[in-house]
Amino acid sequence: MITINLDKAKEIGHNIRRANRAKEFEPLDEIIAKQIPGNDISQIELQRQTIRDKYALIQTQIDAASNADDIKSVLVG
């Protein structure tokens, strides 16, 4: 029987969450860093906040997970 270390599974889940969040931030960060004309920075910041909120919820769900399947479903879903 395979035993899964839940703390390690959560750590891996958080690493995946961080990588996914960074991918979503990347195009928005580029617009802000380059100050690309024609982009409303306040709208970009709103989009960034939406991403932060999304991944804060995922972080909470990973922390509350009671097994590896719960972690997987949070990351996929």
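Contact here means heavy atoms within 4.5 Å. The model is a predicted one.

Start with helix α1, residues 6-34. It has 29 residues. From the first C-alpha to the last, α1 reaches 41 Å, close to the 42 Å expected at 1.5 Å a residue. Yet α1 has a kink of about 40°. The kink lies at Glu26, shortly before the proline Pro27.

Several residues of α1 are buried. What covers the buried residues of α1? The cover includes α2, residues 41-64, and α3.

Asn15 and Pro27 are twelve residues apart in sequence. In space, their C-alpha atoms are 20 Å apart. Ala22 and Leu57 are 35 residues apart along the chain. Their C-alpha atoms are separated by 16 Å.

Now turn to helix α2. This helix has 24 residues. It reaches 35 Å from its first C-alpha to its last, close to the 34 Å expected at 1.5 Å a residue. Which residues of α2 are buried? They are Ile44, Arg48, Ile51, Tyr55, Ile58 and Ile62. These buried residues pack against α1 and α3.

How do the helices lie against each other? Two packed helices are described by the angle between their axes and the distance between the axes. Take α1 and α2. Their axes come within 10 Å and cross at roughly 175°. Angles over 145 degrees count as roughly antiparallel, so α1 is roughly antiparallel to α2. The contact of α1 with α2 involves ten nonpolar, five polar and ten charged residues.

The pairing of α1 with helix α3, residues 68-76, has another angle. These two helices pack at about 5°, with their axes 10 Å apart. Angles under 35 degrees count as roughly parallel, so α1 is roughly parallel to α3. On the α1 side, the contact is made by Leu6, Ala9, Lys10, Gly13, Ile16 and Arg17. On the α3 side, it is made by Ala68, Ile71 and Leu75. By class, this contact has six nonpolar, one polar and two charged residues.

Is Val74 buried or exposed? Its relative accessibility is 16%, and buried means under 20%, so Val74 counts as buried. Which residues does Val74 touch, not counting those up to four places away in sequence? They are Ile58, Gln61 and Ile62. Of these, Ile58 and Ile62 are among the buried residues of α2.

Methods:
Residues numbered from 1 in each chain as written. Predicted model: local features only at pLDDT ≥ 70, side-chain atom pairs only at ≥ 80, totals over all residues. Heavy atoms only, no water. Axes fitted to C-alpha atoms, helices over the stretch in contact; angles between N-to-C directions. Helix = DSSP H or I, 4+ residues; strand = E, 2+ residues; numbered from the N terminus. Parallel < 35°, antiparallel > 145°, perpendicular 65-115°, else oblique. Nonpolar A, V, L, I, M, F, W, Y, C, P; charged D, E, K, R; others polar. Expected span 1.5 Å × (residues − 1). Bend = angle between axes of the 7 residues up to and from the residue. Buried < 20%, exposed > 50% of the residue type's maximum accessible area, 1.4 Å probe, protein only.
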